[in-house]
Amino acid sequence: MTAEELLRAGPVMPVLVIRDAGLAVDLATALVAGGIRTLEVTLRTPAALDAIRQIRDRVPGALVGAGTVLSPSDWQRAQDAGAMFGISPGLTPALLAATRPSSLPFVPGVATASEAMTALDAGFTAMKLFPAEAVGGQALLKSLHGPLPQLLFCPTGGIHPGNAAAYLALPNVGCVGGSWLAPEAALAAHDWAAITALAREAAALRK
Ligand SMILES: O=C[C@H](O)COP(=O)(O)O
Ligand SMILES: CC(=O)C(=O)O
């Protein structure tokens, strides 16, 4: 799978912060049941790598990857845990060199035209726009499409059910990312039905 195919695999990529790996399979199962199968598990918690491993092994249909990949060693640990892709809020020269388009899709993060050009120079055409709303949102994506029409984005940061469809209507948006699909309260309450309902709404945003 290419990074472009990954971004086009579903309309919304949930940004998951999993503190208890014991909840990972139920959470992923609830999202997949609602039609959301591309899952970003952020490497922000000690449980993240175990969560990725468990989802990969036990949730058929899930495309599980690692988010918040900040360094080459993060990327190595994610691959060792079985991540099917990696995604980052930003880019560094070391990260671009370590993740240069290879067999596993990697999606660097950008916030400006220059960063997008840096990623393009390194061979990437699929990128996260982060933090999307804060750096210009839809207006920025429309502007970038002029000089850089070959790029496909996953805007993340400030996206919610009220603005997701407008992002998805843009020609250079493959999917949007967001944390709204796995609210802390629903996770704490093990309210998997609520999470499946949120996933179903998100899946209906399909372009
Ligand atoms: O850290 C933030 C994540 O990228 C998702 O942002 P969000 O909570 O605005 O959806
Ligand atoms: C910010 C974000 O989406 C990430 O940590 O990958």
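Which residue in β2 is the bridge partner of L16? I looked it up in what is a predicted model, and the partner is V41.

**Entry: strand β1**

I started from β1, which covers residues 12-16. I checked burial along the strand and found 5 of the 5 residues buried, so β1 is largely enclosed by the rest of the structure. I then sorted the side chains by direction. V12, P14 and L16 point one way, while M13 and V15 point the other way. I noted that residues on both sides of β1 are buried. As background, side chains in a regular strand alternate between the two faces of the sheet.

Next I listed the partners of β1. With β2 (residues 38-42) β1 pairs in the parallel sense over 2 bridges. With β9 (residues 176-178) the pairing is also parallel, over 3 bridges. In β9, the residue opposite P14 is G178. I also recorded that β1, α2 and β2 form a β-α-β unit, and that this unit is right-handed.

**Entry: the open sheet**

I moved on to an open sheet of 3 strands, in the order β6-β7-β8 and with parallel pairing. Which strands stand at the edges? They are β6 (109-110) and β8 (152-155); each has a single partner strand, so one side of each has no neighbour in the sheet. I counted 4 bridges between β7 (residues 126-129) and β8. In this pairing A126 of β7 faces L152 of β8.

**Entry: nonpolar core**

I looked at the largest nonpolar core, which has 67 residues. The members that touch the most other members are L27, A28, L31, I52, V64 and M127. Helix α2 (residues 24-33) gives the most to this core, namely 6 residues. In general, nonpolar side chains in soluble globular proteins tend to be buried together.

Leaving out residues up to four places away in sequence, V64 touches A28, L39, V41, I52, I55, R56, A83 and M84. I note that V41, the partner of L16 in β2, is in this list.

I52 belongs to helix α3 (residues 48-58), where the buried residues are A48, L49, A51, I52, Q54, I55 and R56. These buried residues pack against α2, β2, β3 (63-67) and α4 (72-80).

**Entry: I195**

Is I195 buried or exposed? I195 has 25 other C-beta atoms within 10 Å, and 20 or more count as buried, so I195 is buried. I placed I195 in helix α11, residues 192-203. I195 and A28 are 167 residues apart in sequence, yet their C-alpha atoms are 9.5 Å apart in space. Apart from neighbours within four places in sequence, I195 is in contact with L27, A30, L31, L181, A182 and A186.

**Entry: ligand surroundings**

I listed the shells of two ligands. Around ligand 1 I found V15, T156, G157, G158, I159, G178 and S179. That shell divides into 2 nonpolar, 5 polar and no charged residues.

Around ligand 2 the residues are V15, T42, G67, T68, I87, S88, P89, F130, T156 and G177. Here the division is 4 nonpolar, 6 polar and no charged.

I then compared the lists. V15 and T156 occur in the shell of ligand 1 and again in that of ligand 2. V15 is one of the buried residues of β1. G178, listed around ligand 1, is the residue of β9 that stands opposite P14.

Conventions. Residues are numbered from 1 along each chain as its sequence is written. Chains are lettered from A and ligands numbered from 1 in the order in which they are written. This is a predicted model: local features need pLDDT of at least 70, side-chain atom pairs count only at pLDDT 80 or more; totals for chains, interfaces and linings use all residues. A residue is near a molecule or strand if its C-beta atom, placed from the backbone, lies within 6 Å of it. Ala, Val, Leu, Ile, Met, Phe, Trp, Tyr, Cys and Pro count as nonpolar, Asp, Glu, Lys and Arg as charged, and the others, Gly among them, as polar. Two strands pair if DSSP finds at least two bridges between them. A nonpolar core is a set of buried Ala, Val, Leu, Ile, Met, Phe, Trp, Tyr and Cys residues joined through C-beta atoms within 7 Å. A residue is buried if 20 or more other C-beta atoms lie within 10 Å of its own, exposed if 12 or fewer, and partly exposed in between; C-beta atoms are placed from the backbone. Two residues are in contact if their C-beta atoms, placed from the backbone, lie within 7 Å. A crossover is right-handed if, with the strands pointing away from the viewer, the path from the first strand over the helix to the second runs clockwise.
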